[in-house]
Amino acid sequence: LWRFGFSARLLKTNHFRTAASSTSFPAVRMLLAQYPGRIPGSFVKVQRSSFFTMPETVEDKADLELYSPPPRVRGMTQLDREAFKRTIVVPALKVKKDIIGSLLKSLKHTLLQRPGLKRVIEDPDDENSRLVMLDPHKIPEFSLGGSEQEVLKQFDIPPVVCKHDLELTYDSFKLEEILRAVLPEGQEVTSGFSRVGHIAHLNLRDHQLPYRYLIGQVIIDKNPGVTCVVNKTSIIDSTYRNFEMEVLAGESNLVTKVKENNTAYELDFSKVYWNPRLSTEHGRIVELLKPGDVLFDVFAGVGPFAIPAAKKKCRVFANDLNPESYTWLLHNCKLNRVSDKIKAFNMDGRDFLLGPVREELSKGLPLEAEEQKTSFHIVMNLPALALDFLDAFRHLMAGAAHGAAVLPTVHCYAFSKHHDPAEDVRQRAEASLGASLRGHCSVHPVRNVAPNKEMMCISFQIPANVLYGRPCPLEGEE
């Protein structure tokens, strides 16, 4: 395992992935347990994204040789399913049909292991017999081992292995095998994608673009329920956090329905932001809330924080600048029957903080200073810019009365390319707030966005001197 440079970082990821081999996380954990202390000092870094290729084992290479599509499909840009037909030779046993069930149990480790291929077929020469397909890797040179011969002896079956011509078609091959056979040899194979309802969302590399329509169609063929495949054609740099995309295959309907953490959402994927990789993070924040708490969602999108919080009987104030997000937020409030618990806004995030948030805090914080029951949470999920909005908390409640007040907790998201992303995010948050957070905050890693780019969440209570302090004259002039 180690000589393939497989990184232990892989154990830390919880993102949705489709791998190009059958290696599983439990298998890796088992190997780590068996060989403690033998992890090498340096690793080949495995990117924590949807698209990656696992290192191949000896068994994988054997599978590649036996179950690869024919060489003629290399370079294909328009899908021709007929071109994938090929015939391979596999070992088979001729068995009376009335003992098939018992024999299969006894030979289960020797049978053909290929998913999608029949292990038992009719014998064209004898209607009372069947042909049992065996695994070519387990029966080298079509010669049975001693244990297999012993099993056949018990069933009074002659230990004679015949050669059977097995036809493979397009349906016989896995997604990764098709793409590996079609794309230029040695190039990265994309077999992973984000699933958003009926939509598969890809981020193709430049070398994959000539094959994009074929890739899209193969993904639809191999993934039941996917009826539309899109490729992102630009980075998220618009005011409204959506991106241009191209439909590669299937229907052009981008209005979809998704379910996350037992909550349903409907949205137009081409006009609003939705990332299925944030499901765990949405659940983590909502888990921190108690019934009766107040949540201010500054960049709410279609409601993945706001709606579960409302379902938990929190009071929610949700805002988004994108009119489409605002419209779908209202729609999803009705869909989940929480319209009476969420007050929605279509404003700039800073205006939302300086307006509705300040107004509600001015009414709620003095009361809670006496009762100490309700917590106030402010979620700021706009990782490209959210840290720049933290200065809005400076003097937000200047002059207001406060005692042993309940201070609002902020959960602010940010990207970092720093070698120490937690320290980087903390320092940038401090610069925006104008106060130290050392020892008074936590920084949670959310996900790896790209090589050397992490998404982090910094959580802290707004310092009282920041929230209630009056601006000095020089700061007021600025």
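**Cores and ring pairs**

Reader: Phe296 and Phe317: buried or exposed?
Author: Both are buried (under 20% relative accessible area with a 1.4 Å probe, protein chains only; exposed is over 50%, partly exposed in between).

Reader: What kind of model is this?
Author: It is a predicted model: local features need pLDDT of at least 70, side-chain atom pairs count only at pLDDT 80 or more, and totals for chains, interfaces and linings use all residues. Residues are numbered from 1 along each chain as its sequence is written, and side-chain values use heavy atoms, without hydrogens or water.

Reader: OK. How many aromatic pairs are there?
Author: The count is 7. Rings of Phe, Tyr and Trp (its six-membered ring) pair if their centres lie within 6.5 Å; planes under 30 degrees apart are stacked, over 60 edge-to-face, the rest tilted.

Reader: Why does Phe296 with Phe317 count as stacked?
Author: Their ring centres are 5.3 Å apart and the planes sit at 25 degrees, so the pair is stacked. Phe296 is in strand β11 and Phe317 in strand β12 (residues 315–319), 21 residues apart. Strands are DSSP runs of E, at least two residues, and helices are H or I runs of at least four, numbered from the N terminus.

Reader: And Phe299 with Phe389? What's the geometry?
Author: Edge-to-face, with 5.2 Å centre to centre and 75 degrees between the planes. Phe299 is in the loop between β11 and α8 (306–311), Phe389 in the loop between β14 and β15, so the pair ties together parts 90 residues apart in sequence.

Reader: What's the relative accessibility of Phe299?
Author: 10%, so Phe299 counts as buried. Phe389, at 12%, also counts as buried.

Reader: Switching topic. How many residues are in the largest nonpolar core?
Author: 40. A core is a set of buried Ala, Val, Leu, Ile, Met, Phe, Trp, Tyr and Cys residues joined through side-chain atoms within 4.5 Å. Those with the most contacts inside this one include Phe296, Leu353 and Met380.

Reader: Which element gives the most?
Author: α10, with 5 residues.

Reader: What does Leu353 touch?
Author: Leaving aside neighbours within four places in sequence, its contacts (heavy atoms within 4.5 Å) include Ile378, Met380, Phe389 and Phe393. There is also a second, separate core of 38 residues, with Ile88 and Leu168 among them.

Reader: Last one. Which ring does Arg114 lie over?
Author: Tyr67, at 4.5 Å from the ring centre. The charged end of Lys163 sits over the ring of Phe142, 5.0 Å from its centre. The rule is NZ of Lys or CZ of Arg within 6 Å of the ring centre and within 35 degrees of the ring normal.
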